Amino acid sequence: MKKWLLLSLLVSMNPAFSSPSVEMLHWWTAGGEEKALSLIEKQFESLPYVLKSEPISGGGGAPAKAILQARAIAGYSPDIALMEGPAIQSWAALGFLNNVNEVAASHGWGQSLYPDIKAIHQYEGNYVAIPLNIHRLNWMWINKKVLNQHQLSSPQTWESLLSALTTLKGKGVNPLALGEDSWQVVQVFENIAFGVGGANYYREAFVDLDPDALNSDKTFEALNRFRSLANIVGSDLPNMSWDQGTKAMLEGEFAFQFTGDWALGEMLSAEGEIPDHIECRAFPSTEKGFIYNVDSLAFFTNVTGEDHNMTPVMTSLSSPQFLLDFSKKKGSIPAQANIPVSELSRCQRQSYQDYIHASSEGTAMPSLTDSMAVNPVLQNAVSNELYRYFMNSSISAETLIGHLHAINNEVFR
Ligand code: BGC
């Protein structure tokens, strides 16, 4: 058979060749994340498109977000991008995003989305992205085997946590799975700050950047606690991604990890269920609360023109069954209310109850370090300062607070 004939036959038989591809840019490169992503890929099977995944590694997505910007400026944005928080509205304001009002109408988002989440996904009255899930950040993941070996019980207060970490270190045990990248480190600060001051303080200081709240004793106390932790784990942190940290904690190389429940997705992916020796406990706090971020998909205007009708796939990505299945892999809870969570793991069920409670009490707070609270310029500036403070013990709390005021005054909000 002639070569060209064979080739055209192959092309027509293989959907990967014959279907146009739709590119999705994201930062889901860990095991649990990839499993969740494969559920999105599956939704495309009924369409004449193939999803082409474009992963950019880096927990929290800073490198992926930088690449997204560079590509958009250069005029070749992807078709779909993973996004979080206020950035969604910035992209919409620049005219890059398709509205998803049809999807919102077919899934009754007016009623089914939690109010905070609804607000983030709207721009000038239009819905402009699809919320998939809610991740909780103020978790402690605890390897109870390690604690038991050293006659320690799970800490419930900051003081007992600090004492457990100190004891473990004294015995030559690695207390905390914490890698050197800034995103991992600064997340811990927001847990500490919430723990010290509760929701009102957290909102005033780290969502509104209110000068009085920033100057308050609570900020000094939170920074002192952050420094105490730095003194225990040291500034020579390992080059370890968050998922390597989760695996190492699971295997007993570390006693604790403080990160969002993407760690749970990793454990579920590796073990099928949460191992008995792993405990999930809210990070110690004077007031109960929930620090969250939301994974959202935004659809760029360049593709979904006339001959790329993606409404069916968008609609299926927002169906309650899909959202539940997605969270089963991702370690999160579904982004829509009224989806029964009895099939989720014990930690996710706790997360759900705590979220419902916190959102009715007004103590559910957006994560600053995970792009939910303020615009990306402010987020990066504040995160950099906090990271430098953690890594360099010669920077005083006064200096740091002075820098936060300057950022607040100078940076466009
Ligand atoms: C995202 C998660 C992701 C985590 C680690 C967070 O910003 O919300 O979906 O698993 O980063 O990469």
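A polar contact here is a pair of N or O atoms within 3.5 Å; within protein, one must be able to donate a hydrogen and the other to accept it, and residues adjacent in sequence count only if both atoms are side-chain atoms. Two notes on the source. This is a predicted model: local features need pLDDT of at least 70, side-chain atom pairs count only at pLDDT 80 or more, and totals for chains, interfaces and linings use all residues. Residues are numbered from 1 along each chain as its sequence is written, and side-chain values use heavy atoms, leaving out hydrogens and water.

Now the contacts. Asp295 puts a polar side-chain atom 2.6 Å from a ligand oxygen. For Glu84, a side-chain N or O atom is 2.6 Å from an oxygen of the ligand. Lys330 has a side-chain N or O atom 2.6 Å from a ligand oxygen. How much of the ligand does the protein bury? It buries 100% of the 310 Å² that the ligand exposes taken alone (Shrake-Rupley method, 1.4 Å probe).

Next, the shell. There are 14 residues around the ligand (a heavy atom within 4 Å), and Glu33, Glu84, Asp295, Lys330 and Asp370 come nearest. Domain 1 (2-132 + 295-332) and domain 2 (139-291 + 365-411) each supply at least three shell residues; the bounds come from an automatic or database domain assignment.

Last, the disulfide (cysteine sulfur atoms within 2.5 Å). The whole structure has one. Cys280 joins Cys347, S to S 2.1 Å. That link is left-handed, at -100° about the S-S bond.
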